[in-house]
Amino acid sequence: MTTRSTPRVLGAALVAAVLIAILSIKLNSFRDYQIAEIAIEVTAVAGLTILTGLSGQISLGNGAFMAIGAYVTALLLLHLNWPFYLVLVLAAAITAAAGAVVGVAAARLRGPYLAGATLLLGVALPSVAYAYTGFFGGDQGLDVTFTTPAFLGANFPLTRWEAWVCSAFALVTLVLLANLGRSRVGRSWRAVRDDEVAAALAGVNVAAARVLAFVVSAACAGLAGGLLAIVTGLVAPGAFTITLSIALLTAAVIGGLGTLPGAVWGSLVIVLVPTYATDVATSHGLSSSVASNIPLAAYGAVLILVMLLFPQGIQGAVRWLLGLFGISSARDWRPSDVSPVQPREKEGTQ
Amino acid sequence: MKRSNRLRAPALAVMAAAALAVAACSSGSGASPSPGAATGTGTSTGSATAPLTASAPGITPTSILIGSHQPLTGPAAPGYSEIAPASAAYFAYVNAHGGVYGRDIDYKYLDDAYNPTQTATVVRQLVLQDNVYAIFDGLGTPTHLAVESFLNAQKVPDVFVASGCDCWDQPTADPETFGWQLDYIREGKILGQYIAQHFKGKKIGYFFQDDEFGMDGVKGLDDEIPSSMVVSRQSYVDTNVNVAPQVAALRASGAQVVVSFSIPAFTALLKLTSLKLGFSPTLAVSNVGSDPITLSGLLESFAKQGGATVNGNSLTNGIITDSYAPSLGDAANSWIALFKKVHDQYDAKAPFDGNVLYGMGVAYTFVQAMLAAGRNPTRADLVNAINAGLPQGPLVAPYAYSMTDHDGVTGAYIGVINNGALTPEGPVLVTDTSAAGAITPSTTAQPQAPASGIPAP
């Protein structure tokens, strides 16, 4: 197993932070908002890609984990008025606890049964908000107030601050996940994914590894949900439909399952393609019934094309391109040494 | 481990490419607020010959850019997706006949699929990137709530929200936001009074959407219908299309009249599920969920999905509802004639139904407000113009608009659906949102539509 030093990952994160800071100042307020959206998506998708790509478990319920994080954030801000960063960390922690509960059940299920159980979670959980309308605000949801801190001055654009906050949390998440993926925990996940019996024989606690993956994934989703709550300013069940859970999985797959850069690619596609397609559709004077469906069609077309051309996702394509230019080490920058698409592929460097 | 020393290059490549992707998408869009906004021409409306200036964001000497969020796809799209194109059709008519003080109205509406997260995104796109002058007719209660405080913080006029929630009437907290359609409390009161008077001693059941819309409606109903008459209260959520449990409970309660505060799709589901269970109460449905043409189409398509064939029009016969707009079947009404003419010319592909009428009516009101805001209006001028009150137009009752009231139309008449059209029963009734507020016949007759089709300045 190659060890890649933490300073290198930190360096990459620092470069990304500087780039995002420059972009957020150069671009207009709406693009700042989109940076925040992308960062939120990255946070959630990174957690899911670890769960599915590394530990081999599928989840169609991470949208529900986002809902938990979002409601925890809204309720804590509303009733206790704690500082937002503390609330976000708590939201991640509480969602992680929920993830542990789900994970214990999930550890007993495989394949389609696991997909079905998590799908149930994704569909059912947001409905709890309707059952206790007094507490959760029902369909109307809960308001979340988020403002720029005083030290930035009165004229600092809120969307830029949102972009910074979300990007900071996303980058910290990515760094932590990159380290975790390379650690003993990450290796045990891959071992469990590839062959449970062999992993157990080698001394890996299979059930614990599987539950832990769910906990990590839920924590990421909870954090993303909390960020979503402060950025959109409202937490309502309409935002956490099953479509959200499926979009997260789609982003992970399009980007390249099991790879953190893939989570970034997938998030870029999910956030930017619909907006871009809408702009194109409306600027070409199409009738509204056609134009309004173009983003959905574009989304579908991108999904089909990526899967046909690059079954390992966009990150697979990037690696292939870099390989063409002789940068063979491209495959190093991911926590997974073994692609889930070819589970039995072995590295010769052990 | 020789490969570890080459790590930095690909890592940087990934990051740089990601940054470029974001930057590339922003090209050609970074419009800055027009200079007029900064210099501020104040509230001076100028003389009739004053030159047209870029007096506010979204306003140029030749155009007014306004934006909206609409459910063009998703569960709320059937019916409601016709509203924005109908508004755009009326604006096209106005533009073709001289525009607003010579400016064309450019109406950009984006799809939010009735999802509050998407509403937050598209409205920020419209305000922060496209620099619209105002948000017009944003559709839906949970969706619009997601942007109400953003719009008020940005001081963007948020006019004529397409929802009857009483929550748009908060002139102190949200001075930029105005309702337009009859709010659900007033509607519930008017519908409730009719039922209490015409079905004395009968058992009444409620069927309502489990949100602000349904609850406000029930609040209004309860003001008028004695609680001893109500035998069952059933709510549904718009994400669960199985309403069989609710309908079974209504049937078991022996309800003879069912009052429904539902969106069109769930009115249709209520009707079809009742048929299936052999339950045929008298139906009274709120205006939002009772457009006969939309309903008839939904009934036929839902029945087809279930492998049955029904006649939509005959199923809607006898439904009691209320309307704050003239009946579509009333060809003699000058407003229906005007909007039919505009529809045939600019929006002929859509059916001429209640949604189209809604879209045109609210667009007419916007033109009224823009004309009142003056020749070179700032954003504040539009809000002040509406606060000063607008003359009654395409709707059957006057508006409530004032400094202290941001509700829209104040009344409606009761009607019965007959062969796909609404037959009015009784006078136009007006009331307020308080429980004690009397329901009285409207004292003002609806004015005639202007011959030009465009409100007088």
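Two strands count as paired if DSSP finds at least two bridges between them. With that in hand, here are some close-up views of a predicted model.

View 1. Strand β11 (residues 411–418) and strand β12 (residues 421–430) of chain B run antiparallel and are joined by seven bridges. Two residues separate β11(B) from β12(B) in the hairpin. In that turn, B:N419 has a positive phi of about 55°. β12(B) is also joined by two bridges to strand β13 (residues 440–441) of chain B, and this pair too is antiparallel.

**View 2. An open parallel sheet in chain B.** Five strands make up this sheet, in the order β2-β1-β3-β4-β5 (chain B), and their pairing is parallel. Which strands sit at the edges? They are β2 and β5 (177–179) of chain B, each pairing on one side only. On average, and with direction ignored, neighbouring strands of the sheet are turned by 25° against each other. As a reminder for reading the view, strands of a sheet pair through backbone hydrogen bonds, either parallel or antiparallel.

**View 3. Strand β1(B) between its two partners.** Is strand β1 (residues 63–70) of chain B enclosed or open? Seven of its eight residues are buried, so β1(B) is largely enclosed by the rest of the structure. Eight bridges tie β1(B) to the parallel strand β2 (residues 104–111) of chain B. Two of the residue pairs to look for are B:S63 with B:D104 and B:I64 with B:I105. Strand β3 (residues 134–136) of chain B also runs parallel to β1(B), joined to it by two bridges. In this pairing, B:G67 stands opposite B:I135.

View 4. Helix α4 (residues 83–96) of chain B lies across β1 and β2 of chain B. The helix runs at about 170° to β2(B). Now zoom in on B:Y90. Which residues does B:Y90 contact, leaving aside its neighbours within four places in sequence? They are B:V342, B:M360, B:A363 and B:Y364.

**View 5. The largest nonpolar core.** This core has 240 residues. The residues with the most contacts inside it are A:M66, A:C166, A:L227, B:Y90 and B:M360. Helix α11 (residues 206–232) of chain A gives the core its largest share, 18 residues. From chain B, at least three residues come from each of domain 1 (51–182 + 331–409) and domain 2 (185–323). In soluble globular proteins, nonpolar side chains tend to be buried together.

**View 6. Helix α2(A), buried along its length.** Helix α2 (residues 29–54) of chain A has 26 residues. From its first C-alpha to its last, α2(A) reaches 36 Å, close to the 38 Å expected at 1.5 Å a residue. Is this helix enclosed or open? 26 of the 26 residues of α2(A) are buried, so the helix is largely enclosed by the rest of the structure. Just after α2(A), look for A:G56, which takes a positive phi of about 75°.

**View 7. Where the two domains of chain B meet.** Chain B is divided into domain 1 (51–182 + 331–409) and domain 2 (185–323). Their C-alpha centres lie 29 Å apart. Across the boundary, 15 residues of domain 1 of chain B are in contact with 17 residues of domain 2 of chain B. On the domain 1 side, the elements that give two or more residues to this contact are α3 (77–80), α6 (141–153) and α14 (354–373) of chain B.

**View 8. B:A252 and chain B as a whole.** B:A252 is found in helix α9 (residues 244–252) of chain B. Is B:A252 buried or exposed? With 12 other C-beta atoms within 10 Å, B:A252 is exposed, because the cut-off for an exposed residue is 12 or fewer. B:A252 and B:G359 are 107 residues apart along the chain, and 40 Å separates their C-alpha atoms. Zooming out, chain B has 15 helices and 13 strands. Of its 457 residues, 56% are buried. Among contacts in chain B with a separation of 6 or more, 69% are between residues 24 or more positions apart.

Terms used:
Residues numbered from 1 in each chain as written. Chains lettered and ligands numbered in written order. Predicted model: local features only at pLDDT ≥ 70, side-chain atom pairs only at ≥ 80, totals over all residues. Buried ≥ 20, exposed ≤ 12 C-beta atoms within 10 Å, placed from the backbone. Helix = DSSP H or I, 4+ residues; strand = E, 2+ residues; numbered from the N terminus. Expected span 1.5 Å × (residues − 1). Core = buried A, V, L, I, M, F, W, Y, C linked by C-beta atoms within 7 Å. Domains from an automatic or database assignment. Contact = placed C-beta atoms within 7 Å. Axes fitted to C-alpha atoms, helices over the stretch in contact; angles between N-to-C directions.
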